[in-house]
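Colleague: I am new to this structure. Could you please guide me through it?
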Amino acid sequence: LRLETDDGGNSTTPSEEQLLNWSKLREFAIKGVHDTRVHLSHVWTGPTRSAYDHGKHSGPCVSWRLDHILYTARSLRLHSCWSALEAD
């Protein structure tokens, strides 16, 4: 659930409909994991992008983590990974 900011840079709160939709999506995802018995692991890459914050038209830039690499430890083993942006 991403919270946008208004023109003044203040965070806006999610509507009841947004919270309900998020809750339904979360329950659907949990049920899918339970029904398929698939456990996904997440590769931590750290921040992968730097840009203006959500709803902003000028700096400063902030870093975001956009890459989501998921794998099943049942069939794959993570050999290695590295920081994508901050370690440069």
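**Charged pairs and surface**

Modeller: Let us begin with Lys31, which forms a salt bridge with Asp35, the closest N and O atoms being 2.6 Å apart. Please note that this is a predicted model.

Colleague: Where do Lys31 and Asp35 lie?

Modeller: Both residues belong to helix H1, which covers residues 16-36. Lys31 and Asp35 are 4 residues apart, about one turn of the helix.

Colleague: Why does Asp35 count as partly exposed?

Modeller: Its relative accessible area is 46%, and partly exposed residues fall between the buried limit of under 20% and the exposed limit of over 50%.

Colleague: How many salt bridges does the structure hold?

Modeller: There are 2 salt bridges. One of them joins the side chains of Arg26 and Glu27, with an N to O distance of 3.9 Å. Arg26 is partly exposed because its relative accessibility is 43%. Glu27 is also partly exposed, because its value is 45%.

Colleague: On another topic, which residues form a nonpolar patch on the surface?

Modeller: Val38, Leu40 and Leu70 do, and together they have about 250 Å² of accessible area. Leu70 is part of strand S4, residues 69-72.

Colleague: And Pro60, is that residue buried or exposed?

Modeller: Pro60 is exposed, because its relative accessible area is 68%, above the 50% cut-off. Pro60 sits in the loop between strand S2 (49-52) and strand S3 (61-64).

Colleague: What separates the C-alpha atoms of Pro60 and Ser50?

Modeller: A distance of 9.8 Å separates them, and the two residues are 10 residues apart along the chain.

Terms used:
Residues numbered from 1 in each chain as written. Predicted model: local features only at pLDDT ≥ 70, side-chain atom pairs only at ≥ 80, totals over all residues. Heavy atoms only, no water. Patch = residues over 30% accessible without salt bridge, like charges linked within 9 Å, V, L, I, M, F, W, Y side chains within 5 Å. Areas by Shrake-Rupley, 256 points an atom, 1.4 Å probe, with all protein chains shown as cover. Salt bridge = Lys/Arg side-chain N within 4 Å of Asp/Glu carboxyl O. Helix = DSSP H or I, 4+ residues; strand = E, 2+ residues; numbered from the N terminus. Buried < 20%, exposed > 50% of the residue type's maximum accessible area, 1.4 Å probe, protein only.
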